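Good morning, colleagues. Please look at the structure first.

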Amino acid sequence: MRLFRSLAPAVTAVALVLCLPYEALPHARVEPAGPAARPEPFGAECRTTVRGSQVVAYCHNAYAETDRVRLHIECDRWWDLDSDGPPADAGPAVTVRLTGRCWKEVRSAWVSHQKG
């Protein structure tokens, strides 16, 4: 009994620390190094249409940096080969046309972007 009385304050203190809400725990204060640089806008806007087995995407780049766009097509049939089209550079204020196809149905099509 004497051992319990001597450990009781320590056990109570540990229990209180473990039960504190997360917001009550201390956090390190870190000051920002300087003004954060705003990222430059990037990326062409692409519109993709699927008609039967044909896919056409038009990508217009409204920004100053060149965007390398690429059309990816996933075909619905297991025997139909999926394709990744060749990359095309969409320069500032330029619209590019990307095309591709499957033999039968198209499951999905999307355009990837890369800084050029």
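Cysteine 75 and cysteine 102 are both buried, where buried means under 20% relative accessible area, exposed over 50%, and partly exposed in between, with a 1.4 Å probe and protein chains only. They form a disulfide with sulfur atoms 2.0 Å apart; a disulfide here is a pair of cysteine sulfur atoms within 2.5 Å. Its torsion about the S-S bond is about -90 degrees, so this disulfide is left-handed.

The model is predicted: local features need pLDDT of at least 70 and side-chain atom pairs pLDDT 80 or more, whereas totals for chains, interfaces and linings use all residues. Residues are numbered from 1 along each chain as its sequence is written, and side-chain values use heavy atoms, without hydrogens and water.

The structure holds two disulfides. The other one joins cysteine 46 to cysteine 59, with an S to S distance of 2.1 Å. At 115 degrees about the S-S bond, this link is right-handed. It connects strand β1, which holds cysteine 46, to strand β2, which holds cysteine 59, 13 residues apart; strands are DSSP runs (E, at least two residues), numbered from the N terminus. Cysteine 46 is partly exposed because its relative accessibility is 25%, while cysteine 59, at 0%, counts as buried.

Now to the sheet. Three strands form an open sheet in the order β1-β2-β6, with antiparallel pairing; two strands pair if DSSP finds at least two bridges between them. Strand β2, residues 54-61, pairs with β6 over eight bridges. Cysteine 59 stands opposite valine 96 in β6.

Note on methods. Helices (H or I, at least four residues) and strands (E, at least two) are DSSP runs, numbered from the N terminus.
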